[in-house]
Structure formats: C-alpha cells, structure tokens
Amino acid sequence: MTARGSFRSAVEGPRPYGALVMVAAACATLDITGQIAWWAVASQVFALAWAALRRELAWQRSPVVLNLALVASVAIGAGLWLRGAPTTVALAHFATLAQGLQLLDARPRKSEFLLVALALFQVILASNLTDSVLFPPLLVVFLLATVWTLLVHTLQVEALEAGDALAARRMATPGLLRTTLVASSLSILLALMLFLVLPRMRGAMLRGGGALGATIPIAGFSDQVTLGDLGRIRSDPRAVMHVETLGGPASLPQEGGYWRGLALDHFDGTRWSVTPRERARVRGSAELGVALEASQTSEPKLVQSIVREPVAAGVVFSRGRPLNLRGVLVRLERDSNGGLYAGNQADQRVIYTVTTAPPARGVAPQAGAEIPQQDGE
C-alpha cells in the first residue's frame with residue numbers, strides 16, 4: 001500500500017508569514033532563558049529576516065551545502081556539551097541552528113513536519129530552562145501560529161493537487177484566520193482548565209477529601225510547625241517514602257536511619273519556620289541530573305532511589321548531605337538552609353535518585369529536620 005504522503009504535491013515558494021511567527025515564538029522561548037549564546041541569537045535573527053524578505057540564492061536549494069551546514073550544527077552542539085555545557089543547553093543551540101537552516105532551505109516541501117518539530121523541540125527545551133512570566137504568552141502565540149501554518153500548507157497542497165495553485169491564496173482569507181484563531185484559543189482555554197482541575201481532583205481522591213480546594217497532602221511534613229498541631233500523618237498508616245539503596249554504605253540497624261528534609265531555624269513563640277522563606281531555583285534539569293555540591297571526602301557515597309508520596313511544602317528528602325540528584329522533578333528549589341523542594345509538586349508522587357555524602361559519625365539529627373526510618377520505607 002502506498003502512503004498518501006509519497007505522492008503528495010510538493011509546495012514551492014516561500015513559507016507563509018504564520019510559519020515565521022511560529023519560529024519566532026519558539027526561538028523567543030529559548031532566548032528568554034539567557035542560555036543561548038549571542039551568535040546563535042544572531043543566526044536566528046538573520047534566518048528570520050532573510051525568510052521574511054523572501055530572498056533566495058542558489059545554495060539554498062543545494063542538498064550538499066544544507067547537509068554540510070547541518071553537520072556543522074551537530075558539531076557545534078556536541079562541542080558545547082564536551083566543554084561542560086548542560087545537555088539541554090547544547091541541544092538548545094543545535095535546535096536553534098537547525099531551525100535557521102530549515103527556514104533557509106528553499107527546496108520544494110511536501111510537509112512542514114521538520115519546521116514544526118524543531119519549533120516544538122525548542123519550546124520543550126525552553127520549558128526546562130526558564131520560569132519566566134513571558135513563557136506562557138509565547139507558548140500561546142506558538143500554538144496559534146502552528147495551527148495556522150499547518151492549515152495553510154494543507155490548503156496549498158490540496159490546491160496543487162486540484163490543479164489550481166492560486167486556490168489556496170483565495171481560501172486563506174481573514175475570515176478563515178479569525179475562525180482558526182478563535183477555535184484554537186478555545187481549545188487552549190479548555191486545556192488550561194483541565195490542567196488546573198485534574199491534578200486537584202486526583203489529589204482530593206488520594207487524600208480522601210471531596211473538595212477540590214483541599215490543600216493538605218497525604219504527609220504532614222511542612223516548612224512550618226505550630227505547637228500543638230499534630231497533623232494527619234500521625235494517624236495515617238500510609239507510607240511517606242519508599243527507599244531502595246542502590247550503592248554505598250547504608251546505616252546499620254542499631255544506628256537508626258534518618259533522611260534530611262529541611263531545617264527549621266526560626267521560632268516566634270508558637271511556630272517554627274524557615275527563614276528567609278524565599279527559595280532559589282537549582283539550575284539545570286533534574287531529569288538529566290544536577291550537581292548540588294562537590295564531595296569533600298573520598299569515602300564511598302550513598303546512592304538511593306526514593307519514591308516520595310505527596311507531602312506538604314513539596315520537600316525532597318535525602319539520607320545525608322545531597323551531592324547529586326536525578327529524577328522527574330519539574331522545578332527543583334533550595335532554601336537558605338540547604339533544604340530541597342520539588343516546586344509545584346507537593347500534591348504529586350515524585351521519583352528520584354540521590355547521591356549523598358556519608359553523615360558524620362556521632363552527630364545526632366536535628367529535631368524536626370529529618371524523618372526517621374520505619375521498616376525500610
């Protein structure tokens with residue numbers, strides 16, 4: 001069976017301006033991270049300006065030139081990674097250069113798959129590198145422009161196959177654009193509503209509560225402790241954590257086992273808390289692994305895989321001083337006392353692997369700062 005894509009007509013000529021808006025929005029999401037070198041940003045601007053001017057030179061249709069340029073983009077990204085740049089940053093530079101080449105590629109095209117895929121890849125990388133307030137509006141612009149780009153390309157292909165190349169231009173009217181933008185905006189709004197509601201519904205079911213507004217996670221470990229406040233954890237038999245030791249010296253049974261959560265350093269007469277309350281984001285991607293601290297000893301390190309159930313404040317636990325951490329943590333934060341948090345994941349189960357330095361012998365854990373081991377969980 002022959003796929004439809006194998007005999008679809010190839011579209012000649014420059015891309016629609018909607019495609020340029022899509023690429024510009026995707027590139028901007030990476031630019032606001034502050035991780036893209038100036039020369040890569042300059043290449044973005046040049047490619048977008050050249051495509052907007054609808055200029056074309058002979059080399060833009062040469063497979064040899066374009067493939068060599070792509071190999072150079074791969075080499076540049078690999079070079080950044082070998083020099084110590086985070087993997088996400090190296091990939092971001094490669095995606096930026098490859099996207100510019102895709103814009104400059106003037107050969108006939110049967111689809112916009114590569115252009116859209118590279119733009120989506122840029123947005124995904126940016127989501128792991130920034131928490132800027134500019135990211136959400138840029139994401140909306142990207143989604144709207146992507147829908148219009150794919151729609152226009154489909155119209156162009158269908159018009160060519162019908163033998164009327166100008167039909168696509170007649171059909172791509174302002175009215176169709178308005179309808180497309182309204183429909184896409186409503187879809188985005190619905191997706192946003194589901195995104196906000198579903199996690200809370202799941203959290204309420206896990207906690208046994210019926211209200212969507214319930215905010216008490218399963219475990220009562222919090223960054224604030226009020227005298228006389230027992231918390232639900234004391235009467236809840238469910239495990240807070242599941243821990244598996246992957247390597248290194250685990251604590252002996254007679255010594256007990258403790259995992260560091262956070263240090264409460266301020267008491268106002270009725271409540272303990274962490275001061276200051278501001279947290280700094282740990283740079284890098286936790287999914288790829290982040291280095292938290294350099295080891296000061298040559299002793300064997302403890303490596304543990306931890307499944308942490310929903311817990312107040314989103315605290316991330318470790319057996320001793322954390323050196324490296326890798327896991328499904330969207331936003332890893334740290335307070336002034338070294339406490340770690342999974343930002344925006346207090347009501348979710350998180351899984352991570354943490355490498356820690358061996359705790360000092362004979363030093364008792366601080367009260368309120370750690371959780372004692374119970375039956376290996």
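1. The model is a predicted one, in which local features need pLDDT of at least 70 and side-chain atom pairs count only at pLDDT 80 or more, whereas totals for chains, interfaces and linings use all residues. Residues are numbered from 1 along each chain as its sequence is written, and side-chain values use heavy atoms, with hydrogens and water left out.

2. Five salt bridges are present in the structure, a salt bridge being a side-chain nitrogen of Lys or Arg within 4 Å of a carboxyl oxygen of Asp or Glu. One of them joins arginine 107 to aspartate 105, with the closest N and O atoms 2.7 Å apart. Aspartate 105 is buried at a relative accessible area of 14%, while arginine 107, at 28%, is partly exposed (buried means under 20% relative accessible area, exposed over 50%, and partly exposed in between, with a 1.4 Å probe and protein chains only).

3. Arginine 321 and glutamate 293 form a salt bridge through their side chains, at 2.6 Å from N to O. This pair links distant parts of the chain, 28 residues apart, with arginine 321 in strand 10 (residues 321-327) and glutamate 293 in the loop between strand 7 (290-291) and strand 8 (302-308); helices (H or I, at least four residues) and strands (E, at least two) are DSSP runs, numbered from the N terminus. Arginine 321 is partly exposed at 33% relative accessibility, and glutamate 293 is partly exposed at 34%.

4. A salt bridge also connects arginine 349 with glutamate 309, whose closest N and O atoms are 2.8 Å apart. Here too the pair links distant parts of the chain, the two residues being 40 residues apart. Arginine 349 is exposed, with a relative accessible area of 52%, whereas glutamate 309 is buried at 10%. Elsewhere, salt bridges that share partners join Arg279, Arg331 and Glu333 into one network.

5. Helix 1 (residues 17-31) packs with helix 6 (residues 135-161) at an angle of about 155 degrees, their axes lying 8 Å apart. Axes are lines fitted to C-alpha atoms, for helices over the stretch in contact, and angles run from 0 to 180 degrees between N-to-C directions. The angle therefore makes helix 1 roughly antiparallel to helix 6 (angles under 35 degrees count as roughly parallel, over 145 as roughly antiparallel, 65 to 115 as roughly perpendicular and the rest as oblique).

6. The contact (heavy atoms within 4.5 Å) includes Met22 and Ala25 of helix 1 and Phe142 and Trp148 of helix 6.
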